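Here is a short briefing to read alongside the structure. Take a look at the chain first, then work through the notes by topic.

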Amino acid sequence: APARPVLPAPAPTVGPSGLPLPRFVSLGSGKVNLRKGPGRQYPIMWVYLRRGLPVEIIAEYDLWRQIRDHDNTVGWVQKNLLSGKRTGLVTGAVRALRDEPAADAATVALLSPGVVGAIGACKGDWCAFRAKGYDGWILRDQLWGVFPEETFQ
């Protein structure tokens, strides 16, 4: 089969809610059904049991949000099961949480892949991150749940 061309990421747009698409949010409930379509009549494909897991909203329809998770699974959830609270998921390998946003700063904790924590702010290559009772800084590209160029307080 011929190789598929790599397309640039689509420019952010504004959804019917008035909020940007795509955008990151987190699961606001301890049990969230991921459905094949935007309605209760659609079959459940997956059940998330992890409040706080970061997900990316990629489309909106009425009270439903199409999300993508860190494994690239896509489906629909009711918007009331989502939270605007920003979280990140540690990716790749064991990562150092630093006491300052610098590669040579002291290590506060070592975080395993899959650890979820709260993102406080991101600027430059670093994000403030709280996980497992520790506060510190982690490199942006070691988290899933924040866009490469995104800055927020």
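The accessible surface of the protein chain amounts to about 8900 Å², and carbon and sulfur atoms contribute 54% of that. Please keep in mind that this is a predicted model. Buried residues make up 41% of the 153 in the protein chain.

**Overall shape and fold**

- The protein chain contains 16 strands and 0 helices.
- Among contacts in the protein chain with a separation of 6 or more, 51% join residues 24 or more positions apart.

**Charges**

- Side chains of the protein chain include 19 positive and 13 negative ones.
- The centres of these two sets are 10 Å apart.

**The disulfide**

- How many disulfides does the count come to? The count is 1 disulfide, formed by cysteine 122 and cysteine 127.
- The sulfur atoms of cysteine 122 and cysteine 127 lie 2.0 Å apart, and 2.5 Å is the cut-off for a disulfide, so the pair qualifies.
- The link between cysteine 122 and cysteine 127 is right-handed, with 110 degrees about the S-S bond.
- Are the two partners buried or exposed? Cysteine 122 counts as buried because its relative accessibility is 0%, and cysteine 127 is likewise buried at 0%.

**Proline 16**

- Proline 16 sits in the loop that runs between strand E1 (13-14) and strand E2 (20-21).
- With a relative accessible area of 73%, proline 16 is exposed, since the cut-off for that class is over 50%.
- Proline 16 and aspartate 62 are 46 residues apart along the chain, and their C-alpha atoms are separated by 8.1 Å.

**Phenylalanine 147**

- Phenylalanine 147 has 23% relative accessibility, so it counts as partly exposed; buried would require under 20%.
- Apart from neighbours within four places in sequence, the residues in contact with phenylalanine 147 are Pro22, Arg23, Phe24, Glu56 and Arg140.
- One of these contacts, Arg23, is 124 residues from phenylalanine 147 along the chain, with 8.5 Å between the C-alpha atoms of phenylalanine 147 and arginine 23.

Notes:
Residues are numbered from 1 along each chain as its sequence is written. This is a predicted model: local features need pLDDT of at least 70, side-chain atom pairs count only at pLDDT 80 or more; totals for chains, interfaces and linings use all residues. Side-chain values use heavy atoms; hydrogens and water are left out. Buried means under 20% relative accessible area, exposed over 50%, partly exposed in between (1.4 Å probe, protein chains only). Helices (H or I, at least four residues) and strands (E, at least two) are DSSP runs, numbered from the N terminus. Contact means heavy atoms within 4.5 Å. Accessible areas come from the Shrake-Rupley method with a 1.4 Å probe; for residues, only the protein chains shown count as cover. Lys and Arg count as positive and Asp and Glu as negative; His and the chain ends are not counted. The place of a charge is taken as NZ of Lys, CZ of Arg, CG of Asp or CD of Glu.
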